[in-house]
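Please keep the sequence and the structure open while reading.

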Amino acid sequence: MAGLELRGIRKDYGGTAVLKGIDLSIADGEFVVFVGPSGCGKSTLLRVIAGLETVTAGDIHIDGTEVTRTAASDRGLAMVFQSYALYPHMTVSQNMSFALENMGIAKAEISSRVDRAARMLRLTDYLQRKPAALSGGQRQRVAIGRAIVRDPKIFLFDEPLSNLDAELRVATRKELAALHAEIGGTMIYVTHDQVEAMTLADRIVVLNGGRIEQIGTPLDLYNRPANLFVAGFIGSPRMNLLPTELVRGEAAGDVTGRAATLGIRPEHVEPCQEAEADLTVRIDLVEQLGGETFLYATGPNDTPLTIRCDGQSRLVRGDLLPVRFSRDHLHRFDAAGLACRPEPLLARSHS
Amino acid sequence: MTDTIRSHGAPARGPSAAAAVTTGSANALMRLTDPPMRAVQRLIGASRMPYVFLLPNLVFFGLFVFLPIGINIVFSVTGGTALFPSERPYVGAEHYARLLDCGSYLEAASCREDLFWRGVGNTLTFTVFQMVAMVLFSLVTALVLNRPIRGRGFFRAVYFFPVLLSPVVVALIWKWILQRDGLLNAVLTTAGGEKILFFVDPGWAMFWAVFVSVWAHMGFYTLILLAGLQAIPRDVYEAAEMDGTRPWRVFHRITLPLLWPNLLVVLVLVLIRSVQVFDEVFVLTGGGPGTATMMVVQYIYTTAFANQVQNFGLAGAASVLLGAVLFVLTLIQLFLTRRRAS
């Protein structure tokens with residue numbers, strides 16, 4: 001296994017810059033997730049690392065060796081594609097052994113590696129089947145198996161779960177986490193699903209418009225978003241972002257200065273008495289999930305506000321609800337959208 | 001319904017105006033055909049209505065395909081020179097027996113109808129060489145045109161263009177190039193070489209018959225193979241690249257197996273066309289020199305229409321035999337196509 005270093009990576013398609021200078025270090029054995037909205041450049045970055053795309057500028061180092069212009073096959077990486085990219089005319093066994101045959105590895109060794117990977121991924125009974133005779137989850141496991149047998153320096157995953165249904169996605173996500181714990185390899189994983197990012201990653205890289213917005217552990221990003229984009233992107237439902245002038249009372253006094261926008265996550269908005277309210281909102285939609293309830297409401301100037309309540313709620317559409325923001329969890333952002341550090345503001349003042 | 005009325009009442013603007021005109025015309029046509037269709041449906045019942053829609057094409061098909069086949073079979077079992085079947089005496093399988101009467105099927109001269117067997121031999125030779133050349137050149141062209149080369153669209157059009165030409169036109173163009181005082185010989189003599197009498201030498205004549213046929217039809221088969229190549233997911237090639245697969249191994253382990261269904265269709269189509277070949281070769285070489293490029297269909301044509309004594313019966317029997325071969329080949333094609341679809 002190996003670490004990876006990207007220095008000033010740029011990628012242009014014609015006159016369009018897709019990656020605008022990416023600097024990133026990934027440690028040996030780390031599970032890093034690239035996350036971001038569609039078109040942010042996360043898949044392109046992965047393909048650049050894989051060697052399937054050339055860079056316009058910048059250097060790529062794997063294990064201290066520069067590989068910027070090295071062919072994909074010589075970088076020692078393995079990639080799991082979104083579409084699985086299995087060879088449809090080959091059996092599972094042939095799919096998994098194909099790369100090893102290319103390397104000229106002895107048949108006995110190939111057989112041993114394929115059997116080991118098949119056992120690990122519970123594919124032993126399917127080795128003689130062709131991909132068309134497998135379910136989506138099984139195909140995905142074959143794609144992972146194909147990567148494992150090569151014993152690569154780094155595993156690359158390009159939205160590997162996006163073609164699976166919700167239930168299978170959760171199951172495969174757990175399997176991936178277990179796999180990382182078992183083989184301990186360096187893994188780079190691209191997804192637009194932040195739940196996958198939060199649950200799998202040692203560190204998350206948030207990309208937007210070809211630039212890195214923030215790098216950090218999942219909880220770092222959740223608790224201390226560096227800017228409005230990360231604040232809005234990480235967390236589901238997304239963080240409430242309110243202009244400071246909408247907020248009355250004590251909270252408003254706390255956020256004077258540079259702050260232009262206040263951020264508060266739905267679970268940190270609390271229904272309260274009118275007298276101690278920061279805002280009074282009108283309920284637009286109530287989502288009862290049994291164990292918790294999401295209230296989608298509108299504040300002054302039609303500002304949307306999402307509230308998460310434990311348990312079940314009797315509120316209905318049209319109700320007016322005074323709410324208060326948890327003082328320990330307020331985030332504030334300046335006019336440029338950058339977090340006013342240190343964060344959260346009131347946690348510091350309370351402590 | 002309400003939406004339709006609204007859209008009719010709406011002011012005509014841009015593309016929606018064109019759409020409204022189209023919808024209006026379609027509605028007017030429907031209103032015109034609706035009453036008679038309803039009357040027919042009342043008369044024969046809804047379950048028989050599909051046959052009413054099939055009828056025009058079936059009549060056309062019956063008149064110009066099934067009826068000639070039937071007449072041809074009648075001709076093949078009747079004798080004489082009369083044109084009307086009612087005036088032709090029944091001879092049973094006499095024509096078939098005459099065609100199949102051979103000392104050795106490998107020796108045309110030993111056959112009673114030696115010209116027929118020379119035609120069969122020439123058609124076989126033509127078919128083998130044409131199939132190999134056609135598949136090979138179509139495949140190579142498709143592989144090249146599938147790559148991101150400069151002017152790819154232009155070259156795709158250029159290779160397809162001959163397909164649009166009439167076979168007679170193609171043959172006349174090449175005849176003009178290849179004849180004794182043709183373009184190619186002019187180039188050869190200008191370069192200091194000697195004239196080659198392409199249509200006098202049997203080998204050259206067959207070579208050019210195959211060449212011209214490949215040149216004229218290659219674009220069509222290239223298109224089929226190109227569609228097959230483009231249907232292979234790019235991800236599979238990228239996976240192969242990540243797996244460190246060398247280009248030749250990519251071709252024979254990935255491309256060829258995944259292209260095989262298309263290749264099979266091309267093989268069968270080329271085979272069927274080769275067996276039927278007539279117009280290009282006839283116009284190009286006239287079947288010569290001697291009978292060196294005379295194909296089975298030319299034999300049928302000559303026997304029925306070009307000889308002084310027109311033997312419709314013998315030509316009909318040869319047609320039926322050729323039809324049987326084509327029927328078997330078509331069945332193979334259908335079987336392969338359906339297996340591929342399933």
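## Domains

Domain bounds here come from an automatic or database domain assignment. On that basis chain B is divided into domain 1 (1-44) and domain 2 (114-341). The centres of these two domains of chain B, taken over C-alpha atoms, are separated by 48 Å. For chain A the assignment gives domain 1 (4-223) and domain 2 (241-350), with C-alpha centres 38 Å apart.

## Basis of the model

The model is predicted: local features need pLDDT of at least 70, side-chain atom pairs count only at pLDDT 80 or more, and totals for chains, interfaces and linings use all residues. Residues are numbered from 1 along each chain as its sequence is written, while chains are lettered from A and ligands numbered from 1 in the order in which they are written.

The confidence score, pLDDT, is given by the predictor for each residue from 0 to 100. Its mean over chain A is 88, and 93% of the residues of chain A reach 70 or more. Over residues 343-351 of chain A pLDDT stays under 50. Where pLDDT is low, the predicted coordinates should not be read in detail. For that stretch of chain A the model has 19 contacts beyond four places in sequence, a contact being two residues whose C-beta atoms, placed from the backbone, lie within 7 Å.

## Chain A overall

Chain A has ten helices and 18 strands. Both are DSSP runs numbered from the N terminus: helices are H or I with at least four residues, strands are E with at least two. The C-alpha trace of chain A spans about 80 × 45 × 40 Å along its principal axes.

Of the 351 residues of chain A, 41% count as buried. A residue is buried if 20 or more other C-beta atoms lie within 10 Å of its own, exposed if 12 or fewer, and partly exposed in between, with C-beta atoms placed from the backbone. Among contacts in chain A between residues at least 6 apart in sequence, 64% join residues at least 24 apart.

## The four-strand sheet of chain A

Four strands of chain A form an open sheet in the order E2-E1-E4-E5, with antiparallel pairing. Its edge strands are E2 (16-26) and E5 (65-66) of chain A, each of which pairs on one side only. Two strands count as paired if DSSP finds at least two bridges between them. Strand E4 (residues 57-62) of chain A and E5(A) are joined antiparallel over two bridges, and His61(A) has Glu66(A) in E5(A) as its bridge partner.

Helix H1 (residues 42-50) of chain A lies across strand E1 (4-13), E2 and E4 of chain A, and runs at about 65° to E2(A). Axes are lines fitted to C-alpha atoms, for helices over the stretch in contact, and angles run from 0 to 180 degrees between N-to-C directions.

## The five-strand sheet of chain A

A further open sheet has five strands in the order E13-E17-E14-E15-E16 (chain A), again with antiparallel pairing. E13 and strand E16 (304-310) of chain A stand at the edges with a single partner strand each, so one side of each has no neighbour in the sheet. The twist averages 45° from one strand to the next.

Strand E17 (residues 320-325) of chain A has a covered face made of Leu321(A), Val323(A) and Phe325(A), and an uncovered face made of Leu320(A), Pro322(A) and Arg324(A). E17(A) is joined by three antiparallel bridges to strand E13 (residues 269-271) of chain A, where Glu270(A) stands opposite Arg324(A). Strand E14 (residues 279-288) of chain A pairs antiparallel with E17(A) over four bridges, and Val281(A) stands opposite Leu321(A). Six bridges connect E14(A), also antiparallel, to strand E15 (residues 292-298) of chain A; Thr298(A) in E15(A) is the bridge partner of Arg282(A).

## Contact between the chains

Which chain gives 15 residues to the contact, and which gives 14 residues? Chain A gives 15 residues and chain B gives 14 residues. On the side of chain A that touches chain B, the elements giving two or more residues are strand E6 (77-80) and helix H2 (92-102) of chain A. H2(A) supplies the largest share, three residues. By class, this side of chain A has eleven nonpolar, four polar and no charged residues. Ala, Val, Leu, Ile, Met, Phe, Trp, Tyr, Cys and Pro count as nonpolar, Asp, Glu, Lys and Arg as charged, and the others, Gly among them, as polar.

## A residue of chain B

Thr330(B) is placed in helix H14 (residues 312-341) of chain B. Thr330(B) counts as exposed because it has 12 C-beta neighbours inside 10 Å. The C-alpha atoms of Thr330(B) and Val200(B) are separated by 35 Å, the two residues being 130 residues apart along the chain.
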